[in-house]
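Have a look at the picture, then walk through the points below.

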Amino acid sequence: MQVVRTVCPRDCYDTCHLEAVVEGGRLTATRPSGSNPLTQGFLCARGLSDPRRVYSGERVLYPHVRAGSKPGRSFRRVSWDEALEVVVGRLREVLREHGPGAVLHVEYAGNMGLLTWYYPQRFWNAIGAARTDYSICSRSGHEALSLHYGLSYGRLPWEIPSSRLLVFWGFNAPVSSPHMWALARRARGAGAAVVAVDPRRSEVAEQSDLWLSPRPGTDVALAYGVARALIENGWVDGEFLSRWASGFEEFREEALRWGPERVERVTGVRWELVEELARLYYSRKPSITLIGFGVQKSVHGAEAVRAVSLLPALVGLHRGFYYSNSRGWLVDVAEVTGEKLAKPSRVVSQVALADAVERGEFRFIFVYNSDIALTLPASERLRRGLSRGDVFVVVHDTHWSATAEYADVVLPAPTYLEKDDVVIPYSHDLVALSRRAVEPLGESRSEVWLACEMARRMGLPEWVCEDPWRVVTRALRGAVEGDPEDLLRGAVLRLRRRPLEEYQTPSGRVEFYSSRALEAGLSPLPVQPELEVPEGYFILLNSATPLHTHTQFRDVHGPIPPVVHVNPRDAEELGVRSGDLVVLSNEEGRVVVRAVVTDKVPRGVLWSPRQLVGLDGSPQNTLASTATQRIGGGPTFNYTLVRLEKAAAGPAGPKASAR
Ligand SMILES: Nc1nc2c(c(=O)[nH]1)N[C@H]1C(S)=C(S)[C@@H](COP(=O)(O)OP(=O)(O)OC[C@H]3O[C@@H](n4cnc5c(=O)[nH]c(N)nc54)[C@H](O)[C@@H]3O)O[C@H]1N2
Ligand SMILES: Nc1nc2c(c(=O)[nH]1)N[C@H]1C(S)=C(S)[C@@H](COP(=O)(O)OP(=O)(O)OC[C@H]3O[C@@H](n4cnc5c(=O)[nH]c(N)nc54)[C@H](O)[C@@H]3O)O[C@H]1N2
Ligand code: SF4
Ligand SMILES: [Mo]
């Protein structure tokens, strides 16, 4: 038996360290490793079932070329050589006839490794292909924070246990960050108060000392309410504000406009609770406000992040929030992607990708590390675009993704347990090698190998294919304490970060009144736009479930539950009972799911596990809008407007491509 120390590279707050147990060349188990204190001796259900995912029947093991029409899984197995000849041949043709702007690479964080995610971009940057703006997940919030704080980094998880107040604002940590949540529970055991701000009674709301349930998209109003209560009660830290902040007067004036009546009317939260939260902010220091990606994926999510992030500054805390620390590290990612040596020809919206693909703006689309046919908005239109006769689609994935059903060529990739990589976490600051435990399955080949092989066949310059470890160590030099080369020898290194009291704004202070926003033609203060839900529509929220990472693990844990939560009074009005089939619909399309009648959601609000596939085979994201937020271009998944009605008698039979 052999034990290999490695790192989970999944798009997850926790970036666990784990041990892979290998017997006779076969991975038999994964278990927590002690080298990362955040892992705390446990893995989540996904980390524990990695061996099953590695050996899943859904693995892509060989290169395949399409043999039937799209969508579908009719492919012919071919050699790597033949597959690459087809891919490179078509790529050359498109470049010659339409230029690099007609070539698009789309990827995201299926595996966050520098070599898996970033290194292959050297190839695409060298030919000047178009890329996306990475707006799908957290970008709007990063941009929002940078308006007031400069960079968006905040507190580290290590500070959670000694905090006296933890405010989870639109962040369902028990599900989306089980290890940070475990630290929060420890803090609570030691007397800390835990607060949840979430429209629905989420897992975090159920386990909190105080739960505020604002209407979706009204967090700015709520934050101004808390600010007003702090100001009126004389609970703000005047000394801190005069030394470290600017624009407080303007902010104060606006906050005072948010009196109890107005806040209650807009948010639906009783003033008593608003004041209670303000009191906790004042009386329980230090606190951390953990701002979720969830609250930020709303109609004015970036505005919400702006407003919420300013609350801890009012009570005198330097960056008293956590959002994501990825922009606080000094890692030179552009070194890995080769952006320094070559630039993409154009950058397109990832959120609105369906619009561009449907219009036929690309002739060649290369997808890796992302399952766009399920995860991007307006799935039906995106799928129509991927099925166009004039577009050639290549997918490089570990598993048969939904997007592979729209591919012309599918190439097999090794999972993280079959290759070496380095993962940069976004919450904690520990870096270790994500080490290969077993040989790549079938004929799967890594992203690095593929990029180099394509570069060679295309005759691209040598820098594209520079030794990956040389590239990684260069990107990490100065960014970690110690020698990056020690990673290869099994060291756990700490990322260096900028000081908490350093603000990279033009004034060098926390700018309550943001000069950058003003310059960009935005409101310098956070704004709460008026929201009106059209008659007959509900707001559909959707968030993560414990057994899946986005679309992954359906092969191991079964489908993402195709259900929708409906408030009992809404259900009664619509004549819907638990277990009924219902149709969710809007201008983009329709999805059939099963109703669960529950008071976990308030009236007018629905909730579904995100990225589910409906019982009619339609993805949830058929309903999601390609509208982008003004700040950061982010999505509005948590403000998806839908109608709900009982499905006509007779179950909607699943379609063939119900994946
Ligand atoms: N309705 C709704 N939709 C959403 C969201 C929402 O809240 N609601 N959230 C959005 C957010 S926040 C995100 S981050 C996106 C995520 O969207 P995606 O990035 O598309 O996420 P996954 O479905 O996990 O797709 C990752 C793919 O990478 C593959 N993969 C895993 N490891 C490797 C590897 O080592 N190499 C290669 N080549 N492939 C690998 C997996 O098999 C999988 O097919 O979804 C977005 N979509
Ligand atoms: N198990 C699991 N964990 C994951 C992932 C996964 O797929 N599975 N994905 C990872 C990724 S890529 C991401 S982006 C994160 C996301 O993780 P989180 O940041 O926790 O985000 P969500 O789960 O999308 O939503 C969190 C909460 O926001 C609430 N919410 C929705 N709209 C609003 C609003 O207007 N105001 C407020 N205050 N709250 C609102 C929702 O009801 C939900 O309970 O999780 C990461 N962790
Ligand atoms: S998915 Fe997240 S919580 Fe689960 S093992 Fe990986 S890093 Fe840890
Ligand atoms: Mo995400």
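1. Start with ligand 2 and Asp219: an N or O atom in that residue's side chain sits 2.8 Å from a nitrogen atom of the ligand. That is a polar contact, meaning a pair of N or O atoms within 3.5 Å. Asp198 also reaches in, with a polar side-chain atom 2.6 Å from an oxygen atom of ligand 2. Thr545 uses its backbone instead, placing a polar atom there 3.0 Å from a nitrogen atom of the ligand. Of the 900 Å² of accessible area that ligand 2 has on its own, the protein covers 99% (areas by the Shrake-Rupley method with a 1.4 Å probe).

2. Before going further, a word on what you are looking at: this is a predicted model, where local features need pLDDT of at least 70 and side-chain atom pairs count only at pLDDT 80 or more, while totals for chains, interfaces and linings use all residues. Residues are numbered from 1 along each chain as written, chains are lettered from A and ligands numbered from 1 in written order, and side-chain values use heavy atoms, leaving out hydrogens and water.

3. How many residues surround ligand 2? There are 34, and the closest are Ser176, Asp198, Asp219, His548 and Arg610 (a residue is near if one of its heavy atoms lies within 4 Å). By class, this shell has 13 nonpolar, 14 polar and seven charged residues; Gly is counted as polar here.

4. Which elements build the shell? Helix H7 (173-176), helix H15 (293-296) and strand S23 (538-543) each supply at least two residues, and H15 gives the most, with three. Helices are DSSP runs (H or I) of at least four residues, and strands (E) of at least two, numbered from the N terminus.

5. Thr551 is in the loop between S23 and helix H24 (554-557). Thr551 counts as buried because its relative accessibility is 11%, buried being under 20%, exposed over 50% and partly exposed in between. Beyond its neighbours within four places in sequence, Thr551 is in contact (heavy atoms within 4.5 Å) with Asp371, Leu374, Thr375, Ile560 and Gln611.

6. The structure holds one disulfide, formed by Cys452 and Cys465 with sulfur atoms 2.2 Å apart; the cut-off is 2.5 Å. Cys452 lies in helix H21 (residues 447-458) and Cys465 in the loop between H21 and helix H22 (468-476), 13 residues apart. The torsion about their S-S bond is about 135°, so the disulfide is right-handed. Cys452 is buried at 15% relative accessibility, while Cys465, at 32%, is partly exposed.

How values were computed. Polar contact = N/O pair within 3.5 Å; in protein donor to acceptor, adjacent residues only side chain to side chain. Buried < 20%, exposed > 50% of the residue type's maximum accessible area, 1.4 Å probe, protein only.
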